[in-house]
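Subject: Structure handover

Hello,

Here is the structure for your files.

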Amino acid sequence: MREGEAVVLANSGGDEHQGDGGSLVDYAVDIYPLSRYYFGTKDALSTKDETPADSLLRLKSNYEVRGLRTSVQGVILVELFKHPHLLLLQVKNTTFNLPGGRLRQGDSDLEGLQRKLSRKLSPDEGSDNSDEIEWEECTKLFMVKLPVCRKFIVPKNMKLLAVPLCQVHGNHKTYGSIIAGIPQLLSKYSFNMIEA
């Protein structure tokens, strides 16, 4: 994580309850079996960047125009083999992302998250630059409580994978610092594994 980058884990209901010591209160999360969900594909989403260097240039130019960029991402958990698994999007067989993305101007966190999850998971409805200036980004992660069953329709240029939390934990090289830190953020939650 870069300096100035913040990560928040909140419930998709928008509640961030503070305990006596300022820490988040424990939550119970129902996690349903992966077998309850349907996975399909849809047309590929267009990509704005060919390479990570292109992405970096685009982010820098957007920052110069708009300033601070706020992103929302969904932490979606399912049960597989009696263990919690995190749903991640895999792009180009190399990059792993949480479903979500940048908020539009005027979007609330939840409106933006719902829009991004719908765009990426629902059927269609109709180089080292350490010497350069760092920019800030606030990434908000939301615990998304899944219904008992649901269809996930993913763009053809992406895969939706259920990755064990134990594989994600501390694995910065493969998943990046935000995703690798999710198991620690989830340590405040208790999980109820729902039987099929």
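The notes below go from the whole chain to single residues.

This is a predicted model, in which local features need pLDDT of at least 70, side-chain atom pairs count only at pLDDT 80 or more, and totals for chains, interfaces and linings use all residues. Residues are numbered from 1 along each chain as its sequence is written, and side-chain values use heavy atoms, with hydrogens and water left out.

Overall

The protein has five helices and 11 strands; these are DSSP runs numbered from the N terminus, helices being H or I of at least four residues and strands E of at least two. Of its 196 residues, 37% are buried (under 20% relative accessible area; exposed is over 50% and partly exposed in between, with a 1.4 Å probe and protein chains only).

Strand S2

In a regular strand the side chains alternate between the two faces of the sheet. In S2 (residues 27-31), Tyr 27, Val 29 and Ile 31 make up the covered face, while Ala 28 and Asp 30 make up the uncovered one. S2 pairs with strand S11 (residues 189-193) in the parallel sense over five bridges; pairing requires at least two DSSP bridges between the strands. Across that pair, Asp 30 stands opposite Asn 192 of S11.

Charges

Side chains of opposite charge can pair when their charged atoms come close. The model has two salt bridges (a side-chain nitrogen of Lys or Arg within 4 Å of a carboxyl oxygen of Asp or Glu). One joins Glu 195 to Lys 82, with the closest N and O atoms 2.9 Å apart; both residues are exposed. The other joins Arg 115 to Asp 107 at 2.7 Å between the closest N and O atoms, and Asp 107 is partly exposed at 23% relative accessible area.

Lys 48, Arg 66, Arg 102, Arg 104 and Arg 119 form a positive surface patch. Patch residues have over 30% relative accessible area and no salt bridge, with like charges joined within 9 Å; Lys and Arg count as positive, and the charge is placed at NZ of Lys or CZ of Arg.

Ser 108 is partly exposed, with a relative accessible area of 33%. Its C-alpha is 10.0 Å from that of Val 72, a residue 36 positions away in sequence.

Regards

Conventions:
Patch = residues over 30% accessible without salt bridge, like charges linked within 9 Å, V, L, I, M, F, W, Y side chains within 5 Å. Areas by Shrake-Rupley, 256 points an atom, 1.4 Å probe, with all protein chains shown as cover.
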